[in-house]
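This report goes through selected parts of the structure shown below, sheet by sheet and helix by helix.

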Amino acid sequence: MEKLANIAIRYRWTIFVMVLLLSAFFGYQLKFLKVDSNIVDSLPKDDTVVSLFNEVGQRFGGNEMGMIILEGQNVLDPQVLNDIQRITDSLSEMNGILSVTSLTNIMNIEVEGDNFEVGKLINDNNWPQNRQQADSLRKVVTANKMVAGNIISTDGTATIILFTFQENDDVHAVSQKIMDMVKKMNLTEKYYFGGSSFLTLYVADVISDDLIRLIPISFLLISVILFMSFRSIRGVVLPILTAALAILWALGIFVMLGMKLSMVSNNVPIIILAVGSAYAIHVLNRINQCKEKNTRMAIVKALSFMIVPVALTALTTMVGFLSFIFGAYLKMIRDFGLLAAMGTFFAAMFALVFVPAMIAIFPAKRKKGGGAVSRHENPIMTKYILLPLSRMVIKKRYTVVTVWLLLFAVSIVGIFMIKRSVDVSDYFKPNYPASVANKIMAEKFGGSKPVFVVFKGDMQSPEVLKRMLDLEKYMKNSPYISNTQSIADVVAKLNDAMGEGNVIPGDEAKIQQLWFLIGQQESVSRLVTEDLDQGIIIAKFNDHGHNDIKVFNDYMQKYFREHPSGNYSIEITGMPFVNSQLDKSLLRSQLFSLVIAIVLVIIIVSLLFKSFIKGLYASLPILATIAILYGIMGLTGIPLNVVTVLVASIAMGIGIDYSIHFVSHFNHSIKNYNSIKTAVEETMLVSGKAIMINFISVSAGFLVLVFSELVPMIYFGILIALSMLGSSMGALTLLPSIILIGVRKYKTNNRVNNSLKELPDSEKQGK
Amino acid sequence: MKTRIFLIVAGFLLLSVIKAKGQEEAKDILSKMDDVIFSIKDKTADVKMVLINLKNGKENVKKAVIMQKGHSKKMFRYVYPKSDSGIATLTLPGDQIYLYLPLFKSVKKISSNSNGGAFNKSDFSLRDTPTKPYSELYTPKLEATTDTSYILTLIPKADKWVYGKLVATIDKTQYYLEKLEYYSQKGQKLKEAVYHYKKIDSHWVADKVTMTNAVKQHKTVTIMSNIKINTGLNDDLFTIENLKGGKK
């Protein structure tokens, strides 16, 4: 251990220059950093629901639908119609857009005697010139069942311009282009963007905004707290620098590995800032505490204390993050795990090598009696928090344990009340444009989440088309579906136009002749494949709660059971089903990651203390904290989602650090003092100070997230801060109480020699 | 000073004369192109249409018999594939289009509102085969002259037109249309038609047209065979009755 300290001191300039050069290199890589916040991209491709969803996208020209919603008094007013046409024309010409459907280009089949019109719903003949004509047109258009509630609201106050994206195109880049284009048009009516691509874009925007806005605040806050704690510039700069370099290096490698930031991994900088600074805080705190007269000796001594706990706390934190690589269902969560683990590794490495090297280069003046000179001693934390806390623990150890047990019991009740939420549209605050768009879509257009029923078979067969029509009726009878579209609708409508009723002809040859009329209308290519071997029913799902998709799925499965298909197959997919799959998998992966993290952390801590029981003791505060965390989530209604799902494993990884530092320090203290009580008190005052500084700075860092525009991020910040509060208080109250109770029992059983490492003789004799 | 003013005015005048001359030349070229196209009084032919999806290379073949008198009367009767056999369309002056589906035994008039769109999966829209001379519909501008061709930009005279402009490449000696590019109102290239000609009875007749739709990644190749021109087709052939009956 001394060797590492000597290396850090001897090669301090080399270390400094190397870190500088490599930081410049990794910093340059950030130029290529990209954000991908699409959850669907993150789902495993071999998942049956996901693969069918992707297949729909490939075969029917885009499972990703985008929409621009326009709102006004009457969307058929000439001004609004002109705007719709401008947008429609611009979208039609845009690279990356496969098809556009709007009021100004939607096809309509009209029959009047022998006149048959397959043309545009709104055309040169009925295009309104004034408000009066617009009002008349509104009556006609909102009475048309093919469009009302589908592309125009039944009251005529909102309309959507619906489009699909070209396969293989960068959907998000195209969506961004659309947003920019519409913004430049200076529309007089209100407009919103809907569909998963825009939601993803909004998320990415918020991520970028949050990074730009919140990280500096987080830095500032942590700096202020560090300054108040250490009362020195070095005490601020070194922990912050350590964290910043760790973020830089981890992100640089992340980019070089070809990975992209997501709505999950974007949190890593804040996490590393909070976690990474902790290692430097502990090392710095220890160097400051050392009584040695010169800096070199102080570094050597401090590192001899700190290498094991810092390495171990980093290892356990990394285990917490790495558990996502093995346990997570979503790629974005696995990427997060890797990035955060790398960041943690670098932060620990810098704390043990770079911080000592920097202190060796820029040594602080030391007091005559040893210890670094601070402008002010900071007795407040010691006098008003740590000392009373240690005395309370020593006196009321049983009460402390009882309070924790009570909290644990209440939490168990809360755990059973946890809700889950995977719908990205729930991630925004109610007044955010994405939320407003979602609300309009739900209220006026029967939802925005597409559901696809895929028919595989001969799409000109009367049997298949009749089944399609029947299933559409069945779907519309459910409370979740208000509109459906399929090729069967078109065929029936054309048959009606030919004077044979709004039904599917019984003769396949007649269907084939009707097909002549269908031509290559863009809307048709979205409903049936070119080979006519697959067709889809497109419906919009309007859900009101978490369980709706399950109810709807059961309803659909009942139909499939009761109507076995012959020469064709029917399958159902769509965004709500993907969400449902995500929901189930989130819970599974959360449990799996957490179990991996708990088991590995207990193993590591047990190995450190060479005893499973001690490992378990040290893990108790964080295990209790996690239970309480889940309890709070259940009791307060904070849902489990792609972001909050990370909290428990992160809390496990970070929170265990406090216990490790505490027990590690206690093991050193017990060698120097005659009394366990004194050792506990000394540990609480020295290690406890670092724990408190770390808890306050980490929590402050994470609490900055309450200013995020993303709801899950707000919860994430609060939950991490809560878990830090829980684990620090656990380490400073529950853990010493258990130690004190455990030692008493050992003493009672005359097994005092084995209490905790090596007890001093005075304790062994029961003094 | 006076000399300067004189030079500027003279320059402007010269430019105006050159411009006017250029416009006249462009009009003349377009008019000659119209003469070539509209010189054929009537035409019958067997048509083979190969529809190609450029995204996956899939081809779909349709065959029909065409009868045309002038440019406003046209009858298409499909013979292949079997499912389309007997389906016929009749175009009459005033953009009136009638459709006959034999299995339904009824004729329906298709609204002119839809004639901007493609028909029966081909890349030709009804606007692509104008019933009036180009010089009546477009204002030409001579863009360039090569060794073999003139290149004209055609701006629609109508305010609302499906295309923003056309760019026509016209053979310098015979004045037939070699290539026609279709652009949107915003100047994006939408389609391109390339023509191949055959001389029949001293008339240049397009026997192969390849229309490529860049936006939809789709191509239609129309090949005409057994072409007969100026045979004196009777107006009675272009009636709704004949649309049902299939008289040749």
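Contact means heavy atoms within 4.5 Å. The model is predicted: local features need pLDDT of at least 70 and side-chain atom pairs count only at pLDDT 80 or more, while totals for chains, interfaces and linings use all residues; side-chain values use heavy atoms, with hydrogens and water left out. Residues are numbered from 1 along each chain as its sequence is written, and chains are lettered from A and ligands numbered from 1 in the order in which they are written.

**Chain A overall**

Helices (H or I, at least four residues) and strands (E, at least two) are DSSP runs, numbered from the N terminus. Chain A comes to 26 helices and 10 strands. Buried means under 20% relative accessible area, exposed over 50%, and partly exposed in between (1.4 Å probe, protein chains only). Of the 767 residues of chain A, 61% count as buried. Among its contacts between residues at least 6 apart in sequence, 78% join residues at least 24 apart.

**Two sheets in chain A**

Two strands pair if DSSP finds at least two bridges between them. One open sheet of chain A has 4 strands in the order β2-β5-β1-β6, with antiparallel pairing. Strands β2 (97–101) and β6 (190–194) of chain A stand at its edges with a single partner strand each, so one side of each has no neighbour in the sheet. Neighbouring strands of this sheet are turned by 20° against each other on average, direction ignored. Such angles run from 0 to 180 degrees between N-to-C directions, and axes are lines fitted to C-alpha atoms, for helices over the stretch in contact. Strand β1 (residues 65–71) of chain A pairs with β6(A) over 5 bridges in the antiparallel sense. Tyr191(A) in β6(A) is the bridge partner of Leu70(A).

Another open sheet of chain A has 4 strands in the order β8-β9-β7-β10, and its pairing is antiparallel. Here β8 (481–485) and β10 (569–574) of chain A are the edge strands, each pairing on one side only. On average, neighbouring strands in this sheet are turned by 20° against each other, direction ignored. Antiparallel strands β8(A) and β9 (residues 534–541) of chain A are joined by 3 bridges, and Thr484(A) stands opposite Ala539(A) in β9(A).

**Helices of chain A**

The axes of α20 (residues 548–562) and α21 (residues 575–609) of chain A come within 10 Å and cross at roughly 115°. In this contact, Ile549(A), Phe552(A) and Asn553(A) of α20(A) meet Pro576(A), Phe577(A) and Ser580(A) of α21(A). By class, the contact has 4 nonpolar, 2 polar and no charged residues. Ala, Val, Leu, Ile, Met, Phe, Trp, Tyr, Cys and Pro count as nonpolar, Asp, Glu, Lys and Arg as charged, and the others, Gly among them, as polar. After α21(A) comes Lys610(A), whose phi is positive, near 55°.

The expected span of a helix is 1.5 Å times one less than its number of residues. In α21(A), 35 residues should span 51 Å, and the end C-alpha atoms are 49 Å apart, which agrees. For α16 (residues 462–476) of chain A, 15 residues should span 21 Å, and the end C-alpha atoms are 21 Å apart, which agrees. Buried residues of α16(A) include Val464(A), Leu465(A), Met468(A), Leu471(A) and Met475(A). An α-helix has 3.6 residues a turn, so residues three or four places apart point the same way.

**Single buried residues**

| Residue | Relative accessible area |
|---|---|
| Trp515(A) | 6% |
| Ser218(A) | 0% |
| Thr91(B) | 18% |

Trp515(A) lies in helix α18 (residues 508–518) of chain A. Ser218(A) is in helix α8 (residues 196–230) of chain A. Not counting residues up to four places away in sequence, Ser218(A) touches Ile270(A), Leu273(A), Gly701(A) and Val704(A). Thr91(B) is in strand β4 (residues 88–92) of chain B. Leaving aside neighbours within four places in sequence, the contacts of Thr91(B) are Ser72(B), Lys73(B), Lys74(B), Gln96(B) and Ile97(B).

**Strand β9 of chain B**

In β9 (residues 165–171) of chain B, 6 of the 7 residues are buried, so this strand is largely enclosed by the rest of the structure. Strand β8 (residues 149–156) of chain B is joined to β9(B) by 6 bridges and runs antiparallel to it; Leu152(B) stands opposite Ala168(B). Strand β10 (residues 177–183) of chain B is likewise joined to β9(B) by 6 bridges, antiparallel, with Thr169(B) opposite Lys179(B). The hairpin of β9(B) and β10(B) has 5 residues between the strands, and Tyr175(B) in this hairpin takes a positive phi near 65°.
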